[in-house]
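Please have the viewer open as you read.

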Amino acid sequence: MPAARFSLHAVSTVALIAGLIGATAACGTEASTSTRSATQSEATWKQPSSYTYTLKSSEGERSLLGTLRVTVRDGKVTKSVGLDESGRRVVKQLPGEVPTIAELLHEMEQARRDGAHTAEAKYAADGHPVRISLDWDENAIDDEALYAISAYAPSDG
């Protein structure tokens, strides 16, 4: 009888392990599908020459932190307004640090080329990014960057 209990226990353990492996594999498949759709969104959105957007830059210890309203004309930032204390500091002290959306995407692509731990984006239905997350080194403190993009509005110039 003890041998039967051992066999039942062994079978239960094997079934549990198989279930965990299957669940883990399913999660991996889902993540790669998400990455594929993100890449497709990247490929379909083309930055217009003129637009406005709100940028909330947070996380990490960097000079570009805060919330800003950004105006882009002919592919270059022509106006930025700080919407909070940190954003006003950036506009006053580092106006050249305020990026276009294309520059944020370029930063993400560079992080990918450099082998960053995290370099991903989420996209709106029209294909423009609404969130870009970067973390160059999983074990480093304060090297992350999070960009939330809202109130995006293309314009005629």
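Apart from neighbours within four places in sequence, Val70 is in contact (heavy atoms within 4.5 Å) with Tyr51, Thr52, Tyr53, Val77, Lys79, Ser80, Val98 and Pro99. The model is predicted, with local features needing pLDDT of at least 70 and side-chain atom pairs counted only at pLDDT 80 or more, while totals for chains, interfaces and linings use all residues. Residues are numbered from 1 along each chain as its sequence is written, and side-chain values use heavy atoms, leaving out hydrogens and water.

Val70 sits in strand S2 (residues 66–73); strands are DSSP runs of E, at least two residues, numbered from the N terminus. Is Val70 buried or exposed? With a relative accessible area of 0%, Val70 is buried, a term for under 20% with a 1.4 Å probe and protein chains only. One of its contacts, Tyr53, is 17 residues away in sequence, with a C-alpha to C-alpha distance of 5.4 Å.

Now to the cavity: the whole structure has one of 30 Å³ or more. A cavity is a set of points on a 1 Å grid over the protein atoms alone where a 1.4 Å probe fits but cannot get out, and lining residues have an atom within 4 Å of a point. Points are joined across faces, edges and corners, and volume is the space filled by probe spheres set on them.

| Largest cavity | Value |
|---|---|
| Volume | about 30 Å³ |
| Lining residues | Glu120, Ala121, Lys122, Arg131 and Ser133 |

Strands S4 (118–123) and S5 (129–135) each supply at least two lining residues.

Terms used
On a 1 Å grid over the protein atoms alone, a cavity is a set of points where a 1.4 Å probe fits but cannot get out, and a pocket is an open set with protein on both sides within 12 Å along at least five of seven lines; lining residues have an atom within 4 Å of a point. Helices (H or I, at least four residues) and strands (E, at least two) are DSSP runs, numbered from the N terminus. Buried means under 20% relative accessible area, exposed over 50%, partly exposed in between (1.4 Å probe, protein chains only).
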